[in-house]
Amino acid sequence: MTGSITTPRGGARRGPLHRFDEDQADLERARQLLTAAREREDTDPRGAFELVHRAALRGAGILVARANRERRRKLPLNVWAALERMGPAERDRALALVPLVAERMRLDRDPRAMPEPELLARHLQDTAAHLEAVGEILLEDLPGSLTALAG
């Protein structure tokens with residue numbers, strides 16, 4: 001079974017299990033980026049900040065992509081702006097990231113700059129928590145019989 005459904009016009013439409021698998025793969029990649037960031041935290045804080053930021057982007061991107069599947073009018077392409085429009089929890093996450101996005105911009109402007117240690121530690125901690133929450137959201141949307149298999 002392929003996980004896609006043929007539409008009346010002959011095109012393929014991805015089924016919920018296929019989309020779940022894609023979301024899980026994106027979440028796993030985000031977790032790998034987070035792990036790599038933690039491994040570099042002490043030896044390469046600048047690289048660690050970039051990796052954790054990419055992990056955060058990927059985690060947020062999963063939620064935005066899922067929301068866009070149900071919307072007629074798509075959310076903005078900027079993940080942080082899209083999160084702000086999705087609901088209270090997502091808006092809080094986007095607002096919490098404002099200083100971290102500013103820090104990344106500062107690092108982009110100055111190739112010799114190092115991230116503020118407190119911001120790096122916060123980004124690592126908050127992103128880890130957010131990725132766990134994203135994983136729970138993905139499982140919550142599965143039918144009960146599939147949740148037992150996935151969990």
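This is a predicted model: local features need pLDDT of at least 70, side-chain atom pairs count only at pLDDT 80 or more; totals for chains, interfaces and linings use all residues.
N68 itself belongs to helix 2, and it counts as buried because its relative accessibility is 14%, where buried means under 20%. Between the C-alpha atoms of N68 and A82, which stand 14 residues apart along the chain, the separation is 9.7 Å.

## Overall architecture

The protein contains 7 helices and 2 strands, and from the N terminus on its elements follow the order β-β-α-α-α-α-α-α-α. Of the 151 residues, 33% are buried, while the accessible surface amounts to about 9,500 Å², with 52% of that surface belonging to carbon and sulfur atoms. Among contacts between residues at least 6 apart in sequence, 55% join residues that are at least 24 apart.

Leaving aside residues up to four places away in sequence, H53 touches W80, L100, V101, R104 and H123.

## Salt bridges

The whole structure has 9 salt bridges. In one of them, the side chains of D23 and R66 meet at 4.0 Å, taken from N to O. D23 lies in helix 1 (residues 16-40) and R66 in helix 2, so this pair ties together parts that are 43 residues apart in sequence. Both partners are buried, D23 at 4% relative accessibility and R66 with a relative accessible area of 18%.

Another salt bridge joins the side chains of R40 and D44 at 3.5 Å, N to O; here R40 counts as partly exposed at 38% relative accessibility, and D44 is likewise partly exposed, at 27%. The side chains of E103 and R106 also meet in a salt bridge, with an N to O distance of 2.8 Å, and these two residues both lie in helix 5 (residues 98-109), 3 residues apart, which is about one turn of the helix. Within this pair E103 is buried, with a relative accessible area of 6%, whereas R106 is partly exposed, with 27%. Elsewhere, salt bridges that share partners join D23, R66 and R69 into one network.

Notes:
Residues are numbered from 1 along each chain as its sequence is written. Side-chain values use heavy atoms; hydrogens and water are left out. Helices (H or I, at least four residues) and strands (E, at least two) are DSSP runs, numbered from the N terminus. Buried means under 20% relative accessible area, exposed over 50%, partly exposed in between (1.4 Å probe, protein chains only). Contact means heavy atoms within 4.5 Å. Accessible areas come from the Shrake-Rupley method with a 1.4 Å probe; for residues, only the protein chains shown count as cover.
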